[in-house]
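Please read it alongside the coordinates.

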Amino acid sequence: MIEQRISMDHMDQASALFGSFDENIRLIENEYHVSVISRDGEIKVSGEPEDVEHAVRAVNSLLALLSRGETLTQQNVRYCISLVNEGAEEKVQALAGDCICITSKGKPIKPRTLGQKHYCNAIRKNTITIGVGPAGTGKTYLAVAMAVTAFRAQQVSRIILTRPAVEAGEKLGFLPGDLQQKVDPYLRPLHDALFDMLGPETYQRYVERGSIEVAPLAYMRGRT
């Protein structure tokens, strides 16, 4: 058993690091089988030598995020732990400060993983970007956030959101309503993202002006 100590500049860092009911630091303790306590302006990590080394690297990475003004959540603590296990914890600092846009409720939208950051950078640098990944990894949401950011900065004059109408038992022609009402169920993820970032009233105003258009991919043929 060994013990290592980490000095902190401010005591409020310890509160943010440990999280509510110590939920953040408990993830590190459970992952590396160490004991982490805060006392007298220091963080003390005790356990087996190799486990302590990994835990200290994780704590230092999280403290670096806090020093850059980031808010720690269980999600980015787990991600930091995974980077430490890969020996790439220094890359976690690349996630700090990259705010794509602010939602209508004042919440900042940021890449949460290195893959998401590369995805956003690819959208910034390229005319066409293809993102491939499992459901729930932020492909649609981040793409809409990048589009809203470009629209607000007047880099583009209009947003056209389109996606294939993936059917689940019903044909488009047999759904009730006009074209917009027919495709709404398929485009709901795009609507939800726009509502979150612009607010329902602002979104509806842009749609009425034609500044934002949502259409199925099949109806985009021949348009430039």
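**Domain interface**

About 650 Å² is buried between domain 1 and domain 2, and carbon and sulfur atoms give 57% of that area. On the domain 1 side, Gln75, Tyr79 and Leu95 lose the most area to domain 2, together 64% of what that side buries. The model is a predicted one.

- The division of the protein chain puts residues 2–95 in domain 1 and residues 101–219 in domain 2.
- Between the C-alpha centres of domain 1 and domain 2 there are 36 Å.
- Contacts between the domains involve seven residues of domain 1 and seven residues of domain 2.

**Strand pairing**

- Strand E1 (residues 2–7) pairs with strand E3 (residues 42–47) in the antiparallel sense, with six bridges between them.
- Within this pairing, Ser7 has Glu42 of E3 as its bridge partner.
- Strand E2 (residues 35–39) also runs antiparallel to E3, and five bridges join E2 to E3.
- Opposite Ser38 stands Ile43 of E3.
- E2 and E3 form a hairpin with two residues between the strands, where Asp40 takes a positive phi near 55°.

**Aromatic pairs**

- Two aromatic pairs turn up in a search of the whole structure.
- Phe151 and Tyr206 make an edge-to-face pair, with 5.0 Å from centre to centre and 85° between the planes.
- Because Phe151 belongs to helix H6 (residues 139–152) and Tyr206 to helix H9 (residues 200–209), this pair ties together parts that are 55 residues apart in sequence.
- The relative accessibility of Phe151 is 13%, so Phe151 counts as buried, the cut-off for buried being under 20%.
- Phe195 and Tyr203 are also an aromatic pair with edge-to-face geometry: their centres are 4.9 Å apart and their planes are at 75°.
- Phe195 has a relative accessible area of 29% and is therefore partly exposed, since that class covers values between 20% and 50%.
- Tyr203 has a relative accessible area of 4%, which means that Tyr203 is buried.

**Charge over a ring**

- Arg205 lies over the face of Tyr206, at 6.0 Å from the ring centre.
- Tyr206 is also the ring that pairs edge-to-face with Phe151.

Key:
Residues numbered from 1 in each chain as written. Predicted model: local features only at pLDDT ≥ 70, side-chain atom pairs only at ≥ 80, totals over all residues. Heavy atoms only, no water. Phe/Tyr/Trp six-rings, centres within 6.5 Å; stacked < 30°, edge-to-face > 60°. Helix = DSSP H or I, 4+ residues; strand = E, 2+ residues; numbered from the N terminus. Buried < 20%, exposed > 50% of the residue type's maximum accessible area, 1.4 Å probe, protein only. Lys NZ or Arg CZ within 6 Å of the ring centre and 35° of its normal. Pairing = 2+ DSSP bridges. Domains from an automatic or database assignment. Contact = heavy atoms within 4.5 Å. Buried area = accessible area lost by both parts, 1.4 Å probe.
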